[in-house]
Amino acid sequence: MKKGLLVVVSGPAGSGKGTVNGMLLESEDYVYSVSATTRAPRPGEVDGVNYHFISKEEFLRRIDAGEMLEYTQYCGNYYGTPLKEALEVLESGRNLLLEIEVEGALNVKKLYPEAVLIMLLPPSFAIQEERLRGRATETEEKILERLERTKEELLTLPSYDYVVYNHDGAADRCADQIRAIVLAEKSAVSRHPAAAVQYFEN
Ligand code: 5GP
């Protein structure tokens, strides 16, 4: 069966990954992996759409039951990718979009080396800070925590396959770039190991 591509998009807070991924999801070729989290919903977030908001006890139960493809702790909360839903999407041939942080992304790559890891970045650290302060949905303490975390996140960049810069107002260009990456990856000879044999058979 034709399998979909596992596409992981990570990005520090303020990289605009929600906006860019929203654009990718306008096409039926992409399905968003709704993560489970123990963090409280932000205003406007909907259970089952943005996240499955669950208790810590339930999260730990799901880990024990082997129901998570990957999970991590980030700024004091658990986040994880539900395994069953992920496999169903990939089997259906559609691309599965994971919007997850770096530790989870590296775990995905270990388990599924065929996954494509894309890092979305603001143009600079200074612009990232401006964006976070402008967002004003979080406390100063949280903002500083997320900026500090960015320094660690950037250390993992060499393990990623692609980097995409999100300049102000250029989310649509980022989405185009990611669609181009996915198209190119799908044409990689390594993803078509039987191509030569099939060429003569069909
Ligand atoms: P936020 O609280 O801002 O929604 O997410 C915090 C971080 O957790 C973001 O970098 C986000 O991409 C990441 N994240 C969301 N869901 C998952 C998940 O299922 N697994 C992992 N490893 N990270 C996640």
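Colleague: What should I keep in mind about numbering and confidence?

Modeller: This is a predicted model in which local features need pLDDT of at least 70 and side-chain atom pairs count only at pLDDT 80 or more, while totals for chains, interfaces and linings use all residues. Residues are numbered from 1 along each chain as its sequence is written, and side-chain values use heavy atoms, with hydrogens and water left out.

Colleague: What makes strand 8 and strand 9 a pair?

Modeller: Two strands pair if DSSP finds at least two bridges between them, and strands here are DSSP runs of E with at least two residues, just as helices are runs of H or I with at least four, both numbered from the N terminus. Strand 8 (residues 116–121) and strand 9 have 4 bridges in the parallel sense, so by the rule of at least two bridges they count as a pair. One of the bridges can be named: methionine 119 has valine 163 of strand 9 as its partner.

Colleague: Why are strand 2 and strand 9 called edge strands?

Modeller: The open sheet has 5 strands in the order 2-7-1-8-9, with parallel pairing. Strand 2 (30–32) and strand 9 (162–165) each pair on one side only, and these are the edge strands. Neighbouring strands of this sheet are turned by 25° against each other on average, direction ignored.

Colleague: How do you know that helix 1 packs on that sheet?

Modeller: Contact means heavy atoms within 4.5 Å, and helix 1 (residues 17–24) touches strand 1 (6–10), strand 2, strand 7 (95–98) and strand 8. Its direction makes about 155° with that of strand 1, where axes are lines fitted to C-alpha atoms, for helices over the stretch in contact, and angles run from 0 to 180 degrees between N-to-C directions. Helix 4 (residues 102–111) lies across strand 1, strand 7 and strand 8, at about 160° to strand 1.

Colleague: Why is glutamine 128 called buried?

Modeller: Buried means under 20% relative accessible area, exposed over 50%, and partly exposed in between, with a 1.4 Å probe and protein chains only. Glutamine 128 has a relative accessible area of 1%, and is therefore buried. This residue lies in helix 5 (residues 125–135) and, not counting residues up to four places away in sequence, touches Pro12, Ala13, Pro122, Leu147 and Thr150. Glutamine 128 and serine 15 are 113 residues apart in sequence, yet 6.9 Å apart in space, C-alpha to C-alpha.

Colleague: What is the class make-up of the lining of the largest pocket?

Modeller: The lining of the largest pocket has 10 nonpolar, 15 polar and 10 charged residues, where Ala, Val, Leu, Ile, Met, Phe, Trp, Tyr, Cys and Pro count as nonpolar, Asp, Glu, Lys and Arg as charged, and the others, Gly among them, as polar. Helix 1 gives the most to this lining, with 5 residues.
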